[in-house]
Amino acid sequence: MNATLAGWLQIIALVGALALTFRPLGDYTAHVLTSPRHWRAERLVYRVGGVHADAEQTWPGYLRSVLAFSLVSVLFLYGFLRLQNHLLLSLGMKPVSSDLAFNTAASFVTNTNWQAYSGEAAMGHLVQMAGLAVQNFVSAAVGIAVVAALIRGFARKKTDWIGNFWQDLTRVVLRILLPISLVMAVVLVAAGTIENFHGFQSITTIAGEHQSIPGGPVASQEVIKELGTNGGGFYNANSAHPFENPNPFTNWLEIYLLLVIGFALPRTFGKMVGDNRQGYAIVAVMALIWAASVAVVTANELHSVSSSAGHAAGGMMEGKEQRFGIWASALFAVSTTLTSCGAVNSFHDSYTPGGGGLTIFNMMLGEIAPGGTGSGLYGILILAVVAVFIAGLMVGRTPEYLGKKLRGREMKYASLYILTTPAIVLVGTGIAMALPGERAAMLNHGPHGFSEVLYAFTSAANNNGSAFAGLSADTVWYNTALGLAMILGRFLPMVFVLALAGSLAQQQPVPITAGTLPTHRPQFVGLLSAVILIVVGLTYLPALALGPLAEGLH
Amino acid sequence: MLGSLAHVVRHHLAALRMLLVFTVILGIAYPLAVTGIAQGLFPHQANGSMIKDNGRPVASALIGQNFNLPLRKGQTTPAPDPKWFQPRPSAAGKTDYDPTSSGASNLGPNNATLIKTIAQRRTAVAAFDGVRPSSVPADAVTASGSGLDPDISPAYAYEQVNRVAKARGLDPVAVHKLVAAHVSGRPLGFLGQEGVNVVRLNHDLAALQPR
């Protein structure tokens, strides 16, 4: 089979698999989030945890629980990292420095998984599995919990209650993330991913040299790293590492896992608001953006567009693995930057200006196609609110979405959501570029060096976690600045989403009339796609012009 | 005031207890369960797909290795050994193919150092293998993402056949056959890219008898 046909089939098989799981997983998730019955195991968790999981919460109450859980998570993980040398299975690793521990704790709790450290050089097994990987599960579940609250805001009427955080969190973990992870971890091991508790094993190689082979409970962490759109690699090379991602099959499975929840949640949304067509419109926008991005990045990489190094080598293989090649690398790169995953199977810093630039643009879209677990759906629903509002302005009518009026209060929350992330990205990048010491952290020079810094802040504020990894980001300044960017980029938007949820839940729905903008038709799919591109394009064009555009046009 | 403070403290203690419950389930029980199943059902894969000679591990089939001549006095970088198939360039660690330091070069698509390095590699590989520089494939002149890539393209493997056969006094046809047997197709016919695992290839090469 020739490479082009194989490349296309690989994409088609992925789309097919995602389509197959769209309904069952989406419906099941809706059931999990609405079922009146607890599992016995869940009751036990609530009892041991000492939380009230039956009482519904108002939006401030829900938010307080989210923030309390996240705060203790950051502190706990920080302590874990600082004290890892005293714990079992530390492999002799030193305690993590205070700024790096803050950055890493913020990173994993915010579902970002930005890594300023190298896994095999800095982390023992216990901190990986009982510290970092636990956050891979619960941070993903927090995202789904928050979007569940927002959907309830649309679905409910005349109430202050938007659900119970502890119940949402526990159910998502125990009923969705854990069972899928258990099964898929075993599949990954069968296919070659390692799962053991060995330290470094010293061997004499075939040619008689010395080599240290690492160990670790990798497969169990690899699965949730993708499924929960976390992205933090067990090893520095992340999913390019043969022990994390040994062959093209595991690679395809990992791409599927990192997309599957994000693409299924619109079905959950449609189901919970009682109109499946609303979910289809949202998933159509996600799929359109994803497909267009796959096409552009793949084409740029295949043809070495505007890359002298690519032309010199005869192909864009710098930073890519032979077993994946261009097609499977580009597919991974697009999927990981359009979700908030940030795992990488190839190194984006060496991508063409167009391909690498688009990975930045993908993140700038706000991680919505399909986005992170939960966060992707609430991100695109906020943009849907904005799209409906703009359409309402055009015809001079009070806009409404799913029967809920979008008044000044709702639009204020939506606008604040939209403004938060770009403000963090652009201010952060601007400050870094103004400081000579921080500029010096770039590996590459000129526009590409600027892209490294822009990528870092875009990745942190959007909770992606991938990098133009040439940037030497393990400095006190970058660890602190990017740590703050991750925390603000995660929790400020959540505040606005939950406030919006509370405001929507209080409303009595207005009846649909002939003047209501239908939000399930292709017209709305087009409108929403256009609004996304225009809002993001206008916000970031100047920054993109200084980085990838300047390099590509050079 | 004190009452609300107590409430906040209680709330955070409950949050901490929930986190500890999840840590036990997800951070201890889950990885132990996966490891138990993995070691029971797939011990070879779970332990790194090690290749052994007389019970002694000599490689992981998944992790690339160097196949260089011993470093001579005054040399800073070792020369490739013509008796072995050579892997791709590596950015892992100072000595290449160092699994304690996986990673990529991260050099940009128009980085002057990278362009120069690629040109030098092309010249060196072409001279080493006795082929035209223009025929050297991309994977032979670029570093992988992990720095541990065990695979090379079939084109790069076939390019090395004559050099290896000559250095070992082997029949080139036999070496060519060995390479052909090591070309792994795409799983399911369309996933990823074809390749030749250099570690496995060289391991089997060592067993070939001179004519």
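The axes of helix H3 (residues 59-82) and helix H6 (residues 125-155) of chain A come within 11 Å and cross at roughly 165 degrees, with axes fitted to C-alpha atoms over the stretch in contact and angles running from 0 to 180 degrees between N-to-C directions. H3(A) and H6(A) are therefore roughly antiparallel to each other (angles over 145 degrees). This is a predicted model, in which local features need pLDDT of at least 70, side-chain atom pairs count only at pLDDT 80 or more, and totals for chains, interfaces and linings use all residues. Residues are numbered from 1 along each chain as its sequence is written, and chains are lettered from A in the order in which they are written.

**H3(A) and H6(A)**
- Residues in contact (C-beta atoms, placed from the backbone, within 7 Å) include A:Tyr62, A:Val66 and A:Phe80 of H3(A) and A:Val127, A:Gly131 and A:Val146 of H6(A).
- By class, this contact has nine nonpolar, four polar and no charged residues (Ala, Val, Leu, Ile, Met, Phe, Trp, Tyr, Cys and Pro count as nonpolar, Asp, Glu, Lys and Arg as charged, and the others, Gly among them, as polar).

**Helix H17 of chain A**
- Helix H17 (residues 446-461; helices are DSSP runs of H or I with at least four residues) is mostly covered, with 15 of its 16 residues buried (20 or more other C-beta atoms within 10 Å of a residue's own, placed from the backbone).
- After H17(A) comes A:Asn463, whose phi is positive, near 60 degrees.

**Chains A and B**
- The contact takes 96 residues from chain A and 86 residues from chain B.
- On the side of chain B that touches chain A, the largest share, 22 residues, comes from H1(B).

Technical notes: Buried ≥ 20, exposed ≤ 12 C-beta atoms within 10 Å, placed from the backbone. Helix = DSSP H or I, 4+ residues; strand = E, 2+ residues; numbered from the N terminus. Contact = placed C-beta atoms within 7 Å. Parallel < 35°, antiparallel > 145°, perpendicular 65-115°, else oblique.
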